[in-house]
Each structure stands twice: as structure tokens, then as C-alpha cells.
Amino acid sequence: MTHSVENAPPASPSRRKSFTLSQRRYLAAALLLLPVVALRLFTTLYPFIQTILLSVQKYNPAFPPREYVGAGNFEKLAGDLVFQSSIEFTLIFVFGSTLLQLIFGILVASLLNAKFRLRNLARTINLIPWAIPMVVAALGWRWLFDGTYGWITDLQTRLGVQFSWLIDPVGARVAILIVNVWKSTPFVAISILAGLQGVPEELYEAARVDGANPVQSFWKITLPLIMPLTVTIGMYMMVWQLSVFDLPYAMTSGGPGFSTSVLAYMIQQQVATLNYGYASAISVVMFLVVAVFGAVGLYVFRRVEVQI
Amino acid sequence: MIAFLRRHRGQILTYLGFILFAFVWLLPFYFIVSSSFTPRYEIFQTPPRYFPQNLTLENYPNMMNAIPFWRFYLNSLIFAIGSTVVSTTFSAMAGYGLARLHFPGSNLVFLGLVLSVALPQVALLVPIREIFNTLDLNNTYLGLIILEASITTPFTVWIMVSFVNQIPVEIEEAALIDGATLWQSITRIVVPAMRPALATMLIINFINGWNEFLYPLIFATRNDTKTLSVGLVSLGREAIGSSRPWDLMSAMSVLMIVPVLILILFGQRAIVSGLTRGAVK
């Protein structure tokens, strides 16, 4: 894998004199880092600052003038029914998805870690929901949930349950949650699989010798040992799923009504209608939610670490 | 019989678990594929059929007549490959710089890069739109590639840093002592050693680029830059309610899944090891 060192010809002496080794190191580091740092400044840091500045302005390019309104956008948000519904469903969506993904993720990871012949096949199958485009998954599932032609509707009707998933506000929310859990559990499962492989085999052997059954060793050995990793993944998933907007966009268009609208979807809708100031205010709320998630996550992470 | 069941209880449970898992994971996949080969009249039948009775290929040409499918396909490829190459190259450079060339503040730069993913993509949209209007980057490959490359760099840098940290530094030091320049040690020793990480991140970033929806939706509104994911959703929106062309949409979905499916089938190990920073064997 690595080339032999002898292949490298000696450097010209004149070049070596012009810079010291550490100076050349700093120069190299600067050159190597410049592209990524420039990209991130241009597409993240600058827009971040601008968004905060825009959130206190009334700004819609279609309806000038642009003016400073202080907390005006936020006051408007407080009375906005769509915003209330969106923030409610955002929290349900983020917490509900993450919790279910962690539970199913641990189960699936155990399967992917089990010694059986189809293990490699299982790992390949596991990647399919993760790898297919979210809009493909959203539209496929939308059709499965369809009130007239959907398989799920048909099966439940045969069992005598009359229920229209996508027309009922709660049903639509549950459907979105199901799709999201299906789509992202594979990623969680792989991440947890890494943790499972880090648990020393000797611990299980020792437990077996002491007469522990598999269920006991799962609760007493596996779970405590993978807990810090699980919390980290949970944190990551929560922050990341805050910005999922393609799922409601493609599957329900935020409906029925605005029951499946999330903050990310609401921002996109406001951007599409050129309500830039208002969209920025919702974005700032989102930043705050991220900050709270981060702080709480860090606190929980420290607690779990201490316990072990 | 009971003795057999008892002795192999663990294995039997594992296989039962596998069957349940495979069923749930593959059901929507099967549904999409089978719909794409089902004639339209049969798709819109109640009660629905679980196994198509009359298989057909007509949905595919019908779909290609309804939208500029191959144009979208080409756009998606350019977008995904372009952003993948840019992101992976830049991240490998930065990853090496951060892992090896320690300088005052290098940890801070690393932390800043990795934590910047916490800022939701959608919440930064307005200023980016303003920049794009000013620089005339709407409906350009360049603009789209910059955005998508940027969004995947934090994770890629993170993977690269942890990978470079696993390469023994002694080889490079020996080369430098033997008179190699920094540049030579990078191109002849580091790059070949990083090949597995590069391959993994090329695959993962391609999948992310291929599946990206938000940026093309906002910044590629014309057919000459529109990508498949946006085309698929708008195909479904042209009609309302039950007249949604699921026959065409399922055919399009299948062709969108093909590239990522190939990558999964051949790159499963690389993807799994990449997503777990090399922890899964």
C-alpha cells in the first residue's frame, strides 16, 4: 500500500535553504486547508451571520422597501398557527424518529453483528433504504399509504380497519414518521454496529461462565458499553433530522392542512414566496433549537460517560 | 425435533429476525420495481394487486416521452460526480493538513469545520440565494457543485483526519530525513496510503450528491440544469390526486435507484467501514 521511501529523490538543496521546515509546514497547512475553509466560509459562516441580520428586517424583494423591524418577525411568528403546528411536529418528528431509530438500530445492529451465513447479504440489504433518494422513498411510501390504491390501506381494510392515512392529520404524521424511521435506521444501525464490535469478547465469555443468559448480558454488558456511542449518534441524528424537509415536501406537501409541516419545510415555503425576512426569523429559531439540542446532548453524554 | 430447536435456538431466532428485517427493508423497494413493470390500468385497480398480472415495459418509454429524462440524468451525474470529486479532494487535503501539520489553532479549525454541519442547510438559504443572484450562479453546474461539495466536506474531513491518524507517521519522517520534499512525501507516500479512504468517501459523497434535493430545487429551476430528484417530484405534481402518474414515476424511480444500487452491491464493505470510520470489520 505504501511506496518505498527510497523512491523519493533528494530535494534540491537550494529549495531547502529558503524556508525552515516549520515555515514550510505552516505554508503547506495553509494551502491544504484553504479550499475547504473558503467553501465553508462562503456557504455557511457568511450566510449564518447574514441570516441573523435578516431576521430583524422586513425583506421581500417583490415588495420593497426593505426595513428594520426589530423583533417584528418574531412577534408575527408567535401568533402564526402554521409556525405553532410546525414547531410541534418538528419536535415530535425529531424526538420520535431518533428514539425509534435508536431502538430499531440496536436491534438491526445486533442482527448485522450475529454470526450467520447471510450476514453479508443482510449488511447489503441494510444499506438500500439509506442509499435510495429520499424523494423516491417518500413517493413510493406515499403510494403504499394511498387511500384508494395503496397496499397498506388494502391490507387494513381486509382486516376491517377503515382509515385514511394521508387524509387524517395524525395518520399523516405517523406515516411520515414511519418513512423516516425506515429510511434512516440503517445509518444508525451501522454506526451502532461499530460500537458492538468494540465490546471485548472476553466480557461475554466471563458472563457466560458466571451463568448469565444472552438477555442478561445484553442489558448488563452490551447496552452500558455502547451507551456513550448511542447518545452521540442520537445527538447527531436529532440535529441532522431537524433539517429534513424533502420528506414532507414530496410525500404530503405539509398536509393535510399544515399538520406535517416542519420548520425546515416552512422555511423553504417562505423562501419560495420571497418572504426573506420572515424565513430568516424561522431560521434563527432553528439555530436556537440546535443550540439547545447540543447543550442537552452534551449534558446527557457527560452523565452516561461517568456512569461507566 | 424439540431438541433440535432448543440446540439451535439462537440460529433460528437470527434467521427469523433476518426474514422480518429483509421483508420490511425491501417491501417498498419491491413495490416500486414491480409497479414500474405493471401496466397503468392495472396500477389503478382496486383492490390493488400484489403481483402484477401482465408485465410490461411500456412505462419506461412513456416516462421518457413525458419529461426530458436523459437530460435530467446527465445533470444529476454532472452534479453528483462534480461535487464528489471537489469535496473529496479538498477534504483529503484538509484532512492531511489537520492530522499531520499541527499549527497553532489547528484543533479549532477542525472543530469549527466539523461543528458547522450543525447549522441546518435550509436555514442558510436566503443569503445563499442572494449571493447566487449577485454572482449569477442560478442554473449553473458550478454553483450547484460548490454548494453540494461544501455540505459534504465536514463529514469527509472528519473521516480523512481519523484515517490519516492511523497511518504511521514514521514512513513520512524517514522520507523527509532521506531528503524528500514535503510535496514528494505527500504524493508518493500519503496519497497511495489514503486510497481506501478516498474510495470510500467518493462512493458515499456520490450517493449524497445523487440524492440531494434542496439545492437543485431552489437553484436549478430550468430543464438544462434540473436534476432527477426534482424532476421526479414535479412529474408527480403535474397531475393531482388519483391521476398522479405512478406508472411513470415508478419507472423513473427505478432508473434513479440503479446507480446507487450498483455502488451498494460492489462497495458495501467500503461504505460500512467509511460510515464507521473503519471500526467495522
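Figure 1. Along the principal axes, the C-alpha atoms of chain A fill a box of roughly 75 × 70 × 40 Å. As for burial, 43% of the 308 residues of chain A count as buried (20 or more other C-beta atoms within 10 Å of the residue's own; exposed is 12 or fewer, partly exposed is in between, and C-beta atoms are placed from the backbone). Take the contacts in chain A between residues at least 6 apart in sequence, and 69% of them join residues at least 24 apart; a contact needs C-beta atoms, placed from the backbone, within 7 Å.

Residues count from 1 along each chain as its sequence is written, while chains are lettered from A and ligands numbered from 1 in the order written. Because the model is predicted, local features need pLDDT of at least 70 and side-chain atom pairs count only at pLDDT 80 or more, whereas totals for chains, interfaces and linings use all residues.

**Figure 2. Two cis peptide bonds, in chains A and B.** In chain A, Pro64(A) and Pro65(A) are joined by a cis peptide bond with omega about 5°. Pro65(A) sits in the loop between β1 (57-58) and β2 (67-68). Over in chain B, the cis bond is between Thr46(B) and Pro47(B), with omega about -10°. Pro47(B) belongs to the loop between α3 (40-43) and α4 (59-66).

**Figure 3. Positive phi without glycine.** Leu274(A) has phi near 65° and is in the loop between α12 (263-272) and α13 (276-307) of chain A. With 16 other C-beta atoms within 10 Å, Leu274(A) is partly exposed. Asn139(B) isn't a glycine either, yet its phi is about 55°. Look for Asn139(B) in the loop between α7 (125-135) and α8 (141-166) of chain B; Asn139(B) is partly exposed, with 16 other C-beta atoms within 10 Å.

Figure 4. Chain B is assigned domain 1 (2-36) and domain 2 (67-275), with bounds from an automatic or database domain assignment. The C-alpha centres of these two domains of chain B are 34 Å apart. Their contact uses 4 residues from domain 1 and 5 residues from domain 2.

Terms used:
Contact = placed C-beta atoms within 7 Å. Helix = DSSP H or I, 4+ residues; strand = E, 2+ residues; numbered from the N terminus.
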